[in-house]
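Dear colleague,

I am handing over the structure below. Please look through it before reading the notes that follow.

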Amino acid sequence: MAGSNQTPYYTPTSKPSSPTHLFSSWKKLNLYYSLAAIAFLCCASYYAGHLQHTTTVGLPLFTSTSNIATNCFSYQNTTSPVSSSSSSSSPQLDFTTHHSAGDGEGNGGAVVPDDTVKIYPPCDVKYSEYTPCEDPKRSLKYKRDRLIYRERHCPEQSEFLKCRIPAPYGYKNPFKWPLSRDLAWYANVPHKELTVEKAVQNWIRFEGDRFRFPGGGTMFPNGADAYIDDIGKLINLKDGSIRTAIDTGCGVASWGGYLLSRNILSISFAPRDTHEAQVQFALERGVPALIGVIASKRLPYPSRAFDMAHCSRCLIPWGEYDGTYLIEVDRVLRPGGYWILSGPPIHWRKYWKGWERTKEDLNAEQTKIEKVARSLCWKKFVEKDDIAIWQKPYNHLHCKELRKASKNPPMCPAQDPDRAWYTEIETCLTALPEVSSEGKVAGGQLEKWPKRLHAIPPRISRGTVNGVTSDTFKKDSLLWKRRVSYYMTVNNQLGQPGRYRNLLDMNAYLGGFAANLVDDPVWVMNIVPAEAKVNTLGVIYERGLIGTYQSWCEAMSTYPRTYDLIHANSVFTLYKDRCEMEDILLEMDRILRPEGSVIIRDDVDTLIKVKRIADGLNWDSQIVDHEDGPLEREKLLFAVKSYWTAPSTQDS
């Protein structure tokens, strides 16, 4: 049973805590006088904060919530900067990392629990790689046809674990980027299967206490860098016109990893356990990746999201099921975007013997693919050696003329092409937005990177995002520039290269948080919640950023310990009365690395409740004032997840 393991969990940096309660000395007073005293203190505290706010200019210090016993909030303000050590009310959080290469691993003190806080125990070590919605045991209940059993199948609420997922014993913080692209600790992902299964393809090597990623792949024996150079000879990867990419059946994501040096941001995905831990390795390397599969549901991305899509021997039957999977690629591919296919059946006349398939079989497969591509009005751009590239049309004016004779697949009826959370794939062609002439780009022309990051996205300038205007976008950009600057004064590690790599924004809106970190060696997975009032994920992609849809009432399609920093803006207000606060925080704890950081913005009353659960998760956390001062009801909670691991096998 989860959490039933009696062996002490390894917590070398845990520190004894002895919370102070403002009202503990009043227990003997009767209820009437206690409530009166509390009300008086709340009013006095508010008045003092108001006076200080109107007479000083400086940034607020951390506000300790260990003294909060009701829904009132004690404010502090000072002319000293946030990083000042002059605050005597509470200690500053330690955002630095302590478990990197060469760190010792001494035992620390046990946490002294506060009996008024619900404590969440460690889960059993068997859950160390638990991915709730891609659980291999649960998947066996579903159809194997079209890989439906590998889609998301989430547990019922009664099955939710109420415990903290342990890291493997000996876990260390990953190597800093860009070194992490080539190295990962064995203790962090203790799986050697790929080193044997893919030994001849140079995916991964095991070397003592670590893995090395030479950059090889099934179809690029000379390494991903050389393979991308070959692609770059066929299409332009340098002029900024290609910024976002998707890699289907990604392996350990070397293609996406090496594209980053070319300012191309790729989302890589593969199903859980097709090859053991491949997506987990990608994330450990610091490369954007998600667990996923093209099966019966749309990919969780908006239409016209990616400038380039890629499949290198990804084993997806592109020509089968009436071309359903290529039809889905067409939906998410931007007008004028490229689809790249390498490996079987491309150039089969030369390579068929090495692929151990008959010429007839390979010819039939390529014929089907070519037929589907033509039906989508794609143009065969180039085929050289074992790489073929198709290009999607810039609009559908000419396509409609071509399709008068053949209407297979039919054009989709009126629909929302951006809807993609548990949405069935349709075997129809997603119509591009109307244009006035053949030379126009459907949906609007994008600026080249990096100009497109700050240019008004076409979806906004064309008025297709409900309630979002160009003025809204400009104001939001300025707002997040100021907010991220403020974050860095509270957590100075946020601006330090190498401390964080994988970031998650749980409620990204227009991508302002990510946009202000684009010059740092980090990447941000921008989430637009399925419950959000306005679907803005298409805007995020038009800015040259990446993201996905997600309901936070469910687990994310990623492994434990995926992210170094999680940002949550108004998430708990959005999900109030929709699902349990503790379940969202437990999911955050699952996907956050040991010593990872959290920034949560929300109403003060909500944050007080969040902090109590955070204390039960053994996070070090503090609530700080809004960047506009203590009179704002919205506050920020900064937290650091403690370092702890499963016990060693000798202890268990």
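Predicted model: local features only at pLDDT ≥ 70, side-chain atom pairs only at ≥ 80, totals over all residues.

Residues are numbered from 1 along each chain as its sequence is written, and side-chain values use heavy atoms, with hydrogens and water left out.

A search of the whole structure gives 6 disulfides (pairs of cysteine sulfur atoms within 2.5 Å). Three of them are described here, among them the bond between Cys 123 and Cys 163, with sulfur atoms 2.0 Å apart. This pair links distant parts of the chain, 40 residues apart: Cys 123 is in the loop between strand 1 (62-63) and helix 2 (136-139), and Cys 163 is in the loop between helix 2 and strand 2 (183-185). Helices (H or I, at least four residues) and strands (E, at least two) are DSSP runs, numbered from the N terminus. The S-S torsion of Cys 123 and Cys 163 is about 100°, so this disulfide is right-handed. Both cysteines are buried (under 20% relative accessible area, with exposed over 50% and partly exposed in between; 1.4 Å probe, protein chains only).

Cys 377 and Cys 399 also form a disulfide. Its torsion is about 75°, so it is right-handed. Cys 377 is buried at 13% relative accessible area, and Cys 399 is buried at 2%.

Cys 412 is joined to Cys 428, S to S 2.0 Å. Both of these residues are buried.

Regards
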